[in-house]
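The sequence and the structure come before the discussion.

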Amino acid sequence: MAKLNAASHKKVNRSVYGNAVIFVILFIFGMFTALPLWYTVVSAFKPFDEIFIFPPRLYVRRPTLDNFVLMFQLATNMWVPFSRYLFNSLFICVVGTVGHILIASLAAYPLAKHSFAAKKAINEIIVLALLFTPQVTYIPLYIVMSRLHLIDTYWALILPAWQMTLGLYLMKQFMTQIPDSLLEAGKIDGANELLIWWKIVMPNVKPAWLTLTILLFQQLWNQTGGSFIFSENLKVLPTLLQQIAAGGIARAGVGAAVALFLMIPPIILFIISQSSVMETMVSAGIKG
Amino acid sequence: MGLIEDIKKNKASYLMIAPYMLLFTIFTLIPVISSIFLSFTNYNMLQPPKWVGWANYIRLFLADKIFIKVLRNTFIFAFLTGPLSYFMSFILAWFISEFNPKIRAILTLIFYSPSLAGNVFFIWAFIFSGDAYGLINGWLMRLGILKEPINWLQDPNYVLWVIIIVQLWLSLGAGFLAFVAGFQNLDKELFEAGAIDGIKNRFQELFYITIPQMAPQLMFGAVMQIGASFGVSTVVIALGGLPTRQYSADTVVTYLIDYGTVRFEMGYASAIAVVLFIAMLLTNKVIAAILKRYSTE
């Protein structure tokens, strides 16, 4: 398995000026990415009157939890309680992620380790499909969903996630690193392919599962359901954010509170699994 | 029949792939293929599609002035934010690679966090809010650069640029992670050999040693970037509306959503989608050809 070697060549040919320039550039880009997130955090804790201070401030003088209280109140006064949105989001994330990992790794194993006629064609289709953004097939996808009576069900969000190409691709790339001798040992012991997949391959690709969990959780957690979900009691948390954000600047504090609430889970998940994500990403390359 | 024999012989492999391929066929292949078919028809979802040949494409390129405008916007996004965020990902990953693992992990998290936070980009609506309480307006007025607040998101002169900034902010995704990982996995001996052979500074090291080794990651990053920059739409709709004022920041995808979900001209919308596919494929081919030249293999 690929080991991440800390670059030990860094002391060679390094000028002090170069290092200074690098620090400045990293600082500028760091500010660019971090400031809006920081502004979200600060706004979430701002009392009502501080939101309207001119000019707006990047810090909060009297932090308060009012926005979070208001968030729960606003959400309770809507058609369905806040807990329902939370349940919908969690249900879709968990079922979507677990299903994708199982289905994608089941398909990735033969694509990485077996040889058969359709393999090359399937691999090429998958690399090609990485290019497409799902929005492009939005209309025919809607037609397909409505024919299958999936509109306005959880499955309209879950099933497309099960076939996300990036997940299958990363899983397949990672599986090619498993030594063949390990698989042959299983075969000699009389295990069939399914058993080899479950008992030998899956435990060896733990970093890849964690990576797919991160990527899929992040995608499912952030999606709004678009025009596939109408029923208020099936809607997910980002929809709530949209409804609150539509209230404009007066609701900026509550909007920030919802946003903060939404951004914490994927960030925590990423912190936990960062080293696995990096280990998987080493093998992500496409040979041109 | 080679394939049927092959399926019989490798039954286990095909069975394991079947569930994934079934879903992939239903939710990706069929939509792509029906998009191509529908683009040659008139279809309003109520009556059956009526074959019209190339009429949709002719209308798209010759009669639809707005399409030319959204095409221009899309190319601005694709050829400005695309390469910019690609180089940004690469340069930041390169800089980060020199730090020790702990600091590297923190910096990776900081740069990747906008992607993780997803919908939080709506905070930019408050940063660029049109009144004096918006962060940018507030500070520019405080500094005396502006007298009156600018309505950033409604003024056709600015909205495209605001969306470019937000899109750049959001754009360090899977490609960036692949670059960071790629830099950690380079062959150390090559750097030592390079130093002996007279590599003078980090730029020479980058061009002669690093980039050729990272060609596969660079290709992966490019593929992910092409999809992202041609697909710009969520941010446009969330910040500028659907459509934006005078279509000043609309892209091919938002235009397609406009035709598909508001006007129900599915045939026309599908033709728009097909044009986008082709643009993505061509860009991919060009980038693959360029990267192949630098590859070590």
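Predicted model: local features only at pLDDT ≥ 70, side-chain atom pairs only at ≥ 80, totals over all residues.

On the side of domain 1 of chain A that touches domain 2 of chain A, the elements that give two or more residues are helix H1 (16–44) and helix H2 (48–51) of chain A. H1(A) gives the most to this side, namely five residues, and by class the side is made up of seven nonpolar and two polar residues, with no charged ones.

The domain assignment places domain 1 of chain A at 14–64 and domain 2 of chain A at 73–283. Nine residues from domain 1 of chain A and nine residues from domain 2 of chain A take part in the contact. The C-alpha centres of domain 1 of chain A and domain 2 of chain A are 31 Å apart. The size of an interface is often expressed as the accessible area that is lost when the parts come together. For domain 1 of chain A and domain 2 of chain A that buried area is about 670 Å², with 87% of it on carbon and sulfur atoms. Of the area that domain 1 of chain A buries against domain 2 of chain A, Thr40(A), Ala44(A) and Ile51(A) supply 49%, more than any other three residues.

**Chain A as a whole**

Chain A has 13 helices and zero strands, and its pattern along the sequence is α-α-α-α-α-α-α-α-α-α-α-α-α. Taken along the principal axes, the C-alpha atoms of chain A fill a box of roughly 70 × 65 × 35 Å.

Side chains of opposite charge can pair when their charged atoms come close. Over all chains the structure holds three salt bridges. One of them joins Lys113(A) to Asp180(A), whose closest N and O atoms are 3.0 Å apart. Because Lys113(A) lies in helix H4 (residues 82–113) of chain A and Asp180(A) in helix H9 (residues 180–188) of chain A, the pair ties together parts that are 67 residues apart in sequence.

**The interface of chain A and chain B**

How many residues does the contact take from chain A and from chain B? Chain A contributes 111 residues and chain B contributes 107 residues. Chain A and chain B bury about 9,400 Å² between them, and 76% of this area is on carbon and sulfur atoms.

**Annotated spans**

From an unreviewed entry, UniProt lists the feature "transmembrane region" at residues 20–39, 85–109, 121–141, 153–171 and 249–272 of chain A. For chain B, UniProt lists the "transmembrane region" feature, also from an unreviewed entry, at residues 12–40, 75–97, 109–127, 158–181, 218–242 and 268–291. A further UniProt annotation from an unreviewed entry, "domain: ABC transmembrane type-1", covers residues 71–287 of chain B.

| Span | Helix | Strand | End C-alpha atoms apart |
|---|---|---|---|
| Residues 20–39 of chain A | 100% helix | 0% strand | 28 Å |
| Residues 121–141 of chain A | 71% helix | 0% strand | 23 Å |
| Residues 158–181 of chain B | 83% helix | 0% strand | 37 Å |
| Residues 218–242 of chain B | 80% helix | 0% strand | 34 Å |
| Residues 71–287 of chain B | 72% helix | 0% strand | 20 Å |

Key: Residues numbered from 1 in each chain as written. Chains lettered and ligands numbered in written order. Heavy atoms only, no water. Domains from an automatic or database assignment. Contact = heavy atoms within 4.5 Å. Buried area = accessible area lost by both parts, 1.4 Å probe. Helix = DSSP H or I, 4+ residues; strand = E, 2+ residues; numbered from the N terminus. Nonpolar A, V, L, I, M, F, W, Y, C, P; charged D, E, K, R; others polar. UniProt positions renumbered as here; feature names shortened; annotations may be inferred. Salt bridge = Lys/Arg side-chain N within 4 Å of Asp/Glu carboxyl O.
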